[in-house]
Amino acid sequence: MSELLNNTIVKVQNAKCAFCRFITANDTGKNGSHQAGFYIPKCAASLLFETPGMKGENKDKFVEVKWQDDFITNSRFIYYGQGTRNEYRITRFGKNFPYFEEENVGDLLIIAQYSQTFYYGFVLQSDQDIDDFFAYFNLSPEMTNQLIDVTQANSPEKQLESEIQKLIDKYTEFPETRQMAKFAREIYNKIHNITDTIICKTPDEQLLKWIDTEYRLFRSFEEKVYSPIYNRPFPNCQELIKFSNVILNRRKSRAGKSLEHHLATIFTAARLEYEEQAITEDNKKPDFLFPNGEAYHNLLFPADKLVFLGAKTTCKDRWRQVLNEANRIDTKYLFTLQQGISKNQLREMKHEHLKLVVPKAYVTSFDKEFQPEIETLASFIEMVRCKQLNQPSYFI
């Protein structure tokens, strides 16, 4: 979403009332018309005046209009009611007003009222901005030239709810964990126009958004799948406990696996070479090996070009599990969603050559003394990329 479009949507959402229409040749004067300014239909008269104009008399008022959130014009709202005329217009924009040119025909004009004398005006020129504006407020080109019903705003939040509902309507059981994670990414990426380029620029942010979306998706599936069960009385306490354990175990199993799936998607977008669950010593299976298991087992491949990454949603008590999963690699990395660990634990991790990787937003939840040693997902990716740019690929 462009900055201009975002500003336009915000101003329309918070306005007393708002209006949109396409700019025509009549407005710009390019069809030989001598009319000046933007025509406003009678159905939108309340945008300009508190009371409608009376046939047989003219009325006007002067207002400030801030255009594109940038410059202000001292403009005139006028109703022509004398003689044969019966119309509303916005006039007086100044000699250098930039939106009365031939190329502005077909642009979308938006006017948002904030007080009786102050308005915002926007002109959207790109097809993408216009389409996205229509989508947000649930409009079609035929629904312009009238006041905007902001209650129909199709915000990203509403779109997310709608897409989740569409998806769960297709299923009677939980999708497999990898598929659930994929669905969450697809829904979020579709609504927010997330591309691989954006993922690579902001991996920490995108990961957290995907996790949040998947949590909401999973909860919706829980309601659909489990509600027929919990809406009936349980025959005894034991059955209730059994049912509760089923729910809790599914939640715990999904959370850990989905984190790995989301990380793998980010590593793929970043074009890193990696392998999931590659087998190392004693049949251990690290979550991620960079570049792969074959390079790990090739003793001619330099150990300092190998990278190990474990992934655990929380690691306060489980971080030691990863220490012996790849003996060739001295420094281990562990990605976690844990927010804050005691200084004693952090000291012990440092002693064991374990480095934490956490989402950028979580770094400040750790003791200041250790923050410089904690990697973000973005900095971890850059570290791996640097190793792989210089790795001896002929060994792989």
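Predicted model: local features only at pLDDT ≥ 70, side-chain atom pairs only at ≥ 80, totals over all residues.
Residues are numbered from 1 along each chain as its sequence is written, and side-chain values use heavy atoms, with hydrogens and water left out.

**View A. Strand E4 sits between two antiparallel partners, E3 and E5.** Helices (H or I, at least four residues) and strands (E, at least two) are DSSP runs, numbered from the N terminus. Two strands pair if DSSP finds at least two bridges between them. E4 covers residues 71-80 and is mostly covered, with seven of its ten residues buried (under 20% relative accessible area; exposed is over 50%, partly exposed in between, using a 1.4 Å probe and protein chains only). Nine bridges tie E4 to E3, and Lys66 faces Ile72 of E4. The E3-E4 hairpin has three residues between the strands, and Gln68 there takes a positive phi near 55°. On to E5 (residues 87-91): this strand pairs with E4 over five bridges. Six residues lie between E4 and E5 in their hairpin, and Gly83 in the turn has a positive phi of about 65°. As a reminder for reading any strand, side chains in a regular strand alternate between the two faces of the sheet.

**View B. The eight-stranded sheet is open and mixed in its pairing.** Its strand order is E2-E5-E4-E3-E7-E6-E1-E8. At the edges you'll find E2 (38-40) and E8 (146-147), each pairing on one side only. E3 (residues 59-67) and E7 (residues 118-124) pair in the parallel sense over four bridges, and Trp67 stands opposite Gly121 in E7.

**View C. Helices H1 and H3 both lie across E1, E6 and E7.** H1 (residues 3-13) runs at about 145° to E7, whereas H3 (residues 127-136) runs at about 45° to E6. Axes here are lines fitted to C-alpha atoms, for helices over the stretch in contact, and angles run from 0 to 180 degrees between N-to-C directions.

**View D. The second largest pocket has twelve lining residues.** Nearest its centre are Met1, Asp132, Gln159, Ile191 and Asn193. H3, H4 (156-168) and H5 (177-192) each supply at least two residues of the lining. A pocket is an open set of points on a 1 Å grid over the protein atoms alone, where a 1.4 Å probe fits, with protein on both sides within 12 Å along at least five of seven lines; lining residues have an atom within 4 Å of a point.

**View E. A six-stranded open sheet runs in the order E9-E10-E11-E12-E13-E14.** Its pairing is mixed. E9 (275-276) and E14 (375-376) are the edge strands, each with a single partner, so one side of each has no neighbour in the sheet. E13 (residues 354-358) runs parallel to E14, joined by two bridges, and Val358 stands opposite Thr376.

**View F. Ala269 lies in helix H8 (residues 237-269).** Ala269 counts as buried because its relative accessibility is 11%. Leaving out residues up to four places away in sequence, Ala269 touches Asp196, Ile199 and Cys200; contact means heavy atoms within 4.5 Å.
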